[in-house]
Protein chains: 2
Amino acid sequence: VFERCGFVPIETPAMENLSTLTGKYGEEGDQLIFKILNNGDFLEKADVEALAKKDSKALSFSISKKALRYDLTVPFARFVVMNQNELTFPFKRYQMQPVWRGDRPGRGRYQEFWQCDADIIGSDGLLNEVELVLIFDEALSAMGLTDFTIVLNNRKILAGMAEVFGISDRLTDFTVALDKLDKIGVDGVLQELNNRGFDSDSTGRIDAFLSKMTSVSSADETLSFVRDMLSESEIGLLGVQETEFIVNKVAPLGMKGKLKLDLTLARGLNYYTGAIFEVKARGVAIGSICGGGRYDDLTGVFGLPGMSGVGISFGADRIYDVLLELNLFPEFLNNAPDVVFANFGPEEAARCLPLVRQMRMMGLRTELYPDSAKMKKQFKYADDRKAKLMVIGGPDEWAKNVLTVKNMASGEQQEVPISKLIETVLTMIGH
Amino acid sequence: VFERCGFVPIETPAMENLSTLTGKYGEEGDQLIFKILNNGDFLEKADVEALAKKDSKALSFSISKKALRYDLTVPFARFVVMNQNELTFPFKRYQMQPVWRGDRPGRGRYQEFWQCDADIIGSDGLLNEVELVLIFDEALSAMGLTDFTIVLNNRKILAGMAEVFGISDRLTDFTVALDKLDKIGVDGVLQELNNRGFDSDSTGRIDAFLSKMTSVSSADETLSFVRDMLSESEIGLLGVQETEFIVNKVAPLGMKGKLKLDLTLARGLNYYTGAIFEVKARGVAIGSICGGGRYDDLTGVFGLPGMSGVGISFGADRIYDVLLELNLFPEFLNNAPDVVFANFGPEEAARCLPLVRQMRMMGLRTELYPDSAKMKKQFKYADDRKAKLMVIGGPDEWAKNVLTVKNMASGEQQEVPISKLIETVLTMIGH
C-alpha cells in the first residue's frame, strides 16, 4: 500500500545518538529510552560528580552515548536533515522497523515492537493528511480488518482551548490530563488537573466544556460546537478549519462511518503541531493500533527549519494481536513441506539429492530427512510437519528404478518409475 | 531458498540476557557485545566494590542485565531450549535479523549488520552439512553471484593437529594464530605462536606442516595429506572422514570448482565442534560473506544436552557490498511512480482523489502532488522521481471533462476524456 501511494522505503540504524532522542517524547518518554552502555572502560570518562552523588540519571549521559530508537519519526527527521541535498521534496518515505521502549510489558504493550510508518516531509498541504487517512483505510482493509475507527483531532484546537480556558502556559499538563478522559472519566480528569495545581476557575471552565462535549456526536455537530467555543482564538479556529478540510475531503470517499472527531485526543509526543490521528479496532480492548500527526518543525532541532512533515504509524504487533483475537489470520500462512524424502541410509540418501534439488527448483518445498532413522520416526516427522507427500525408497526400490509416493492426508500410495517421479508429485500436489 | 528447503522462519528479540551471550564468542567477542544500561536508578544496585575500584568491566554486569544479540545462533539455541516441548525435531529454522557488534567500523565491518541464518538442530547426520553447502550455492546464485569459493574445514581436524603437535591444551591459541595465515603469512603465524609462549618444538612441527601444506592443492590431495598427518589421532581421523563425506556428496552436484578445503580455516566462535564453512567472493577483497559450522552442544549450556546442531549464516551487508562492486544489482529495484497527478488547487485535487484511488487499486504506483505549487516545480518533482506519466488538468479541462496525460520520457502528451483515463494510462504504461 505504501509503495502504491508513492512512498519509498528507508531503514535507519537501531542506535541513534542519545542526544538525538532526548527531549522529543515528553518527560515520561525520556525515561523509557533504552541506553547503550559505552564499550570499553566507560568509567574513565564518567561524570565524577554524578558518580559521587550516585545520581543515575546524570551519570547515564556520561557513560552512554547511544540509545535504541524509540520511534521512527525522530530518526526519519535526522535522516532527512543529513540527506537534505540528495532528496527530492516533498519526500515521501515509508519505514518498517522495530522500536524499543522500557515500558512495563503488558497486554498490547511490548518493550520491542514494530512500527510501520509513512511520512511526507516538505509539504504543508492538508491533502497529505487526507491521503494518510486513506492509507489507514486501505492498509487495514487489506489485512481483513474493516471494523475500526479513525479518531481525529488537531493540536491547534487544543492550543485554542488552552487559550480560551486561560491556561496557555500549561498546555502540556492540560492535554496530558485530557488525553486520559477515556480511562478515568470527567471527574478523574478534573481531579488530575487539580492535583497539577490548576485553579478552580480554569477547571470550572474545563468541566463545563467536557459536559457540553458529551452532548454532541457527529463530526458536523462537533465542528460547529468547537467553532463556537473557540471563536476568540485565532489558532483554535485555524485548527477547526484544518479539521473541516480533512473531514470534507475524506467523507465522500466512502469512509463516513470510519472517521470520528474526538476533541480530547491529544497524543503524548511533544513534536505534533497540527492534525493528530489515532486508529482503534472496534470490539478489541487493546488501545490504539495506529497513530500519527503533523509536526511543523521536527527537523528544526537538527538544523533544517521550515520543513513541515506529517506521518502515520501502524503498530504491527497490536494489529497482529487484533487479527489473532478476531480470527482474521489467513489460512495460507503455512510453512508445511510439499514433499519429504525418507532416508534409508547414506547410499540411498545420496541418490535422492539430485531429485530433491530438482523439485526445489520447480518451487516445491522439499526436504530430505537428514538421518537414516527408523521409518516410524521419519513418518512421524512428516506428519508433525504436515507434509503433503512422502517419497520412500529402499535398496530394493532403487534396484528396480522406482520410488513410492505416499499422500500423507489420504494414506494412499503408489509406486512410480523414477523418471516419472516429478510429474507424479506435481499432479498429486495439484500444481 | 530457505523455505523451499524446508526451513521455517523465526524471529527473536533484539535483546537477550547479558548472561546468555557472555562466554560464547571468545574473549574478544565478549568485549564487543553492546550492553543495555538498566532503566531507572541503576546505581542503586551497582556493585559497590567495582564502583570504588573504577572497574568498568566488573561494574557493567551489575548495571546492565540485557545486551543486543551478537549473532543469531546463540539466541536460536536459547529459543530451542525454551520451546523444546512445542518443536518437531530435527528442527529446521531460518532467521533474518540484524545483529550488533562494537567493532571499529571499516570496509565490510559494521556495528549493525543483517545475518540470514539457516540451522538444523536435533540431527547429527552429515547430510545436513551437504544440504547447507547446496544452500550456499543456490542462494548466492539466485542473487546473481556465481564466482565464489566455499571454504571447508573441520574443528576435529584442528583438534587432531593440536594432538599431533603436542599442544592440545593450547587449541584455542593455536587456531586463533592459524586462522590469520591469510593475512600475516607463515612467518607471522610462527611469530604469534612464539609470542604466545609456544616452545620451539611445537612451532617447528607447525612450521613443517605449513610448508608441506602449501604443496597440496586439490581436495583429494589435501585429504590424503591430512589423513597421513593425523594417522595417530582418533579425533583427527574422524574429522577427515566427515570432510571426505561432505566433499564426495557435494562434488557430483555440479559444485566441484566451488568447494575448497583449507586446513587453516578455524573461525573464531567458541561453540563449533565439527565442520566449519566460510564463503568468499572471488575478486572482491571484503573477507568472508558467509560462515557456519557444526556445534555439538550449544543448547547444553541452557539445560538441553545432546542436541547437535549445524548452521550457516549469510552476511547480507557484505553480500550487498559485493553485488554493488560487481555491478550485479538488478535494474528493476526501482520505486519510481507510474503516475503523478498535478495539483491545480484544492478543488481540482479533490476531484483527482477518486481517480488516484482507482489507479492504486489497479496496482499502479500513483501520487497526487500534495500542494498547488507552480507547475514548473511539480514537473521537476515528477522528473526527479522518474515518474512514467503525469496527469494534468486545470479548471478548463475539468469543465470539458478531459485530462492531459504526458509521457515523461518522450514528452508526448494527449488529451483524453476522464472516462477513458485509466484505460489510456494502462496502455501507455504497457500493462
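Student: Where is the place of P90(B) in chain B?
Tutor: This is a predicted model. In it, helix α5 of chain B covers residues 73–82, and strand β5 covers 91–100. P90(B) falls in the loop between α5 and β5.

Student: What is omega for the peptide bond that joins F89(B) and P90(B)?
Tutor: Most peptide bonds are trans. The bond joining F89(B) to P90(B) is cis. Its omega is about -5°.

Student: Where is the place of P90(A) in chain A?
Tutor: Chain A also has a cis bond, running from F89(A) to P90(A), with omega near -5°. P90(A) sits in the loop between α5 and β5 (91–100).

Student: Is V74(A) buried or exposed?
Tutor: V74(A) belongs to helix α5 of chain A, residues 73–82. Its relative accessible area is 0%. Buried means under 20%, so V74(A) is buried.

Student: Which residues does V74(A) touch, not counting residues up to four places away in sequence?
Tutor: One of them, F302(A), is 228 residues away in sequence. In space, the C-alpha atoms of V74(A) and F302(A) are 10.0 Å apart. Leaving out residues up to four places away, V74(A) touches T20(A), L21(A), K24(A), Y25(A), Y271(A), L298(A) and F302(A).

Student: What is phi of K54(A)?
Tutor: Most residues other than glycine have a negative phi. K54(A) lies in the loop between α3 (48–53) and α4 (56–63) of chain A. Its phi is positive, near 55°.

Student: Is K54(A) buried, partly exposed or exposed?
Tutor: Its relative accessibility is 41%.

Student: What is phi of N327(B)?
Tutor: N327(B) is in the loop between α13 (316–325) and β12 (339–341) of chain B. With a relative accessible area of 67%, N327(B) is exposed. Its phi is a positive value, near 60°.

Student: What name does the pair of F165(A) and F209(A) get from its planes?
Tutor: A pair of aromatic rings is described by the distance of the centres and the angle of the planes. Here the centres are 5.7 Å apart and the planes stand at 45°. Under 30 degrees would be stacked, and over 60 edge-to-face. So the pair is tilted.

Student: How many residues apart are F165(A) and F209(A)?
Tutor: F165(A) is in the loop between α7 (155–164) and α8 (171–178) of chain A, while F209(A) is in helix α10, residues 200–213. F165(A) is buried at 3% relative accessible area, and F209(A) is buried at 3%. The pair links distant parts of the chain, 44 residues apart.

Student: Which residues do ring pairs link into a cluster?
Tutor: Over all chains there are 33 aromatic pairs. Ring pairs form a cluster of F2(A), F7(A), Y94(A), F136(A), F277(A) and F314(A).

Student: Which backbone nitrogen does the side chain of N38(A) reach?
Tutor: N38(A) is in the loop between β3 (35–36) and α3 of chain A. It is buried, at 19% relative accessible area. Its contacts beyond four places in sequence include S62(A), I63(A) and S64(A). At 2.8 Å, its side chain reaches the backbone nitrogen of K65(A).

Student: What area do chain A and chain B bury between them?
Tutor: The size of an interface is often given as the accessible area lost when the parts come together. Here 75 residues of chain A contact 74 residues of chain B. Carbon and sulfur atoms carry 58% of the buried area. The area is about 6400 Å².

Student: How many salt bridges are counted between chain A and chain B?
Tutor: The interface also holds 33 residue pairs in polar contact. The side of chain A touching chain B has 36 nonpolar, 17 polar and 22 charged residues. The salt bridges between the two chains come to 8.

Student: With which residue does R357(A) form a salt bridge?
Tutor: R357(A) lies in helix α14 of chain A, residues 346–361, and counts as buried at 12%. Its contacts in chain B are L134(B), D137(B) and L253(B). A polar atom of its side chain is 3.3 Å from the backbone oxygen of L253(B). The salt bridge, with its closest N and O atoms 3.3 Å apart, is to D137(B).

Conventions
Residues numbered from 1 in each chain as written. Chains lettered and ligands numbered in written order. Predicted model: local features only at pLDDT ≥ 70, side-chain atom pairs only at ≥ 80, totals over all residues. Heavy atoms only, no water. Contact = heavy atoms within 4.5 Å. Buried area = accessible area lost by both parts, 1.4 Å probe. Salt bridge = Lys/Arg side-chain N within 4 Å of Asp/Glu carboxyl O. Polar contact = N/O pair within 3.5 Å; in protein donor to acceptor, adjacent residues only side chain to side chain. Nonpolar A, V, L, I, M, F, W, Y, C, P; charged D, E, K, R; others polar. Helix = DSSP H or I, 4+ residues; strand = E, 2+ residues; numbered from the N terminus. Buried < 20%, exposed > 50% of the residue type's maximum accessible area, 1.4 Å probe, protein only. Phe/Tyr/Trp six-rings, centres within 6.5 Å; stacked < 30°, edge-to-face > 60°.
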